[in-house]
Amino acid sequence: MTTADVLAHLTAEAVAVAHPEAAPCHCGATTTLAHRPDTTVVRHAATVAKAHAPGTDPRALALRLATAARLPDVFVPPLTVTPGALVDARPVTLWPYGTPVDPDDQGAAPWEAAATLLARLHRTPPTPGTPAMRGPAKAAHAMARLHEALATAAPHPAAPPVLRAWSALPAWARAEAPMPGTLTLCHGDLHLGQLVRHPAPDGPWLLIDVDDLGFGVPAWDLARPASWYACGLLSPAEWTRFLTAYRAAGGPAVPQDGDPWAALDVPARALTVQTAARYLAKALAADRPLDEVEQSLIDACARMIQE
């Protein structure tokens, strides 16, 4: 299918849900919220249609949808727990629209809400058949993409620290061994883009995106803000807000007081390497230099292998 075909199919799905009685539509144009090789998302009125990544297992996705549906105080509930017809060999899901975090207002970032939602999720026992959280698998995928980019590019000074930092991680963080410890329900890909207000425009904050949801090491869900803090991309005040709220909500990923880094160190390192690999692969593909943020992640990888 062409891009236009995929967007047309998703638009038809969203319009059919938004106007179930085929009433005349006065909602205006359908909006494309995301279009990448692994995700296409469109919005029509209050309905969102999403085509998931190629190769997504419909059965595992259905289990993830069912988990989100039974946790309405954590996730925006799907409009159906059964994935829809495939579009371009990709399953489609339908959701109500929520108001996203404003990327231009960093001071309003809902760190406390994100932490509280994670704590609720981590305290929820997984149901039988729940798939594994895909965080380590996504990190491994980012490294595979980097290797592909390096195979056709000139040698780059940023590559060795990223590759060595990846090799220094334990096997479970590279998706090469089972995850250790007491496993809980995890989001698997937590960042501020995964929070919306539902009902829009000013309902409570809830999580979206169930693609990586499953049982796993709960510290993985804290790893991206921990990594940003360690790399200097998140202020100490914001990190403290997030960690304090998570502990106050009874989150089990870290001790209730004292140093949290014994639990966070490996996941934070893994997320740092994953993000550095993604950025480096994109820079190589575009044949451009790294920007300041990208270089800070490469520098963090270099520090890891010197410790």
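This is a guided tour of a predicted model, taken one selection at a time.

Begin by selecting residues 31-36 and 84-87, which are strand 1 and strand 4. These two belong to an open sheet of five strands, in which the order is 1-2-3-5-4 and the pairing is antiparallel. Strand 1 and strand 4 stand at the edges, and each has a single partner strand, so one side of each is left without a neighbour in the sheet. If you look along the sheet, the twist from one strand to the next averages 20°.

**Strand 3 and its two partners**

Next select strand 3, residues 47-51, which is joined by five bridges to strand 5, residues 90-96, with the two running antiparallel. Ala49 has Leu94 of strand 5 as its bridge partner, while Ala51 stands opposite Val92, also in strand 5. On the other pairing, five bridges join strand 3 to strand 2, again in an antiparallel arrangement, and here Thr40 is the residue that stands opposite Ala51. Strand 2 and strand 3 form a hairpin with two residues between them, and in that turn Ala45 has a positive phi of about 55°.

Are the residues of strand 3 buried or exposed? Five of its five residues are buried. In a regular strand, side chains alternate between the two faces of the sheet. For strand 3, Thr47, Ala49 and Ala51 lie on one side and Val48 and Lys50 on the other, and both faces are covered.

Move on to strand 6 (99-100) and strand 9 (205-207), which stand at the edges of another sheet. This open sheet has three strands in the order 6-8-9, with antiparallel pairing. Strand 6 and strand 9 each have a single partner strand, so one side of each is left without a neighbour in the sheet. Two bridges join strand 6 to strand 8, residues 195-197, and Thr99 has Arg197 as its bridge partner in strand 8.

Follow the chain into the loop between strand 8 and strand 9, where you will find Pro199 and also Pro201. Most residues other than glycine have a negative phi, and most peptide bonds are trans.

**Helix 3, from sheet to helix**

Select helix 3, residues 111-122, which lies across strand 8 and strand 9 and runs at about 50° to strand 9. Helix 3 also packs with helix 7, residues 236-248, at an angle of about 30°, with their axes 8 Å apart. The crossing of these two helices is right-handed. Among the residues that meet are Trp111 and His122 in helix 3 and Phe242 and Tyr246 in helix 7. By class, this contact divides into eight nonpolar, two polar and three charged residues.

**Two further helix pairs**

Now show helix 6 (residues 219-230) with helix 8 (residues 261-286), whose axes come within 7 Å and cross at roughly 70°. An angle from 65 to 115 degrees counts as roughly perpendicular, and helix 6 and helix 8 are therefore roughly perpendicular to each other. Their contact includes Trp220 and Tyr229 of helix 6 and Trp261 and Pro267 of helix 8, and its residues divide into 14 nonpolar, three polar and one charged.

For the other pair, select helix 5 (residues 159-167) and helix 9 (residues 292-306), which pack at about 50° with their axes 8 Å apart. That angle makes helix 5 oblique to helix 9, and their crossing is left-handed. Pro161, Val162, Arg164 and Ala165 in helix 5 meet Ile298, Cys301, Ala302, Met304 and Ile305 in helix 9. This contact has eight nonpolar, no polar and one charged residues.

Finally, pick out Ala175, in the loop between helix 5 and strand 7, where phi is positive, near 60°. Ala175 is partly exposed, with a relative accessible area of 42%. Asp287, in the loop between helix 8 and helix 9, also has a positive phi, about 55°, and counts as exposed at 72% relative accessibility.

Methods
Residues numbered from 1 in each chain as written. Predicted model: local features only at pLDDT ≥ 70, side-chain atom pairs only at ≥ 80, totals over all residues. Heavy atoms only, no water. Axes fitted to C-alpha atoms, helices over the stretch in contact; angles between N-to-C directions. Helix = DSSP H or I, 4+ residues; strand = E, 2+ residues; numbered from the N terminus. Parallel < 35°, antiparallel > 145°, perpendicular 65-115°, else oblique. Left-handed = near helix turned anticlockwise from the far one by under 90°. Contact = heavy atoms within 4.5 Å. Nonpolar A, V, L, I, M, F, W, Y, C, P; charged D, E, K, R; others polar. Pairing = 2+ DSSP bridges. Buried < 20%, exposed > 50% of the residue type's maximum accessible area, 1.4 Å probe, protein only.
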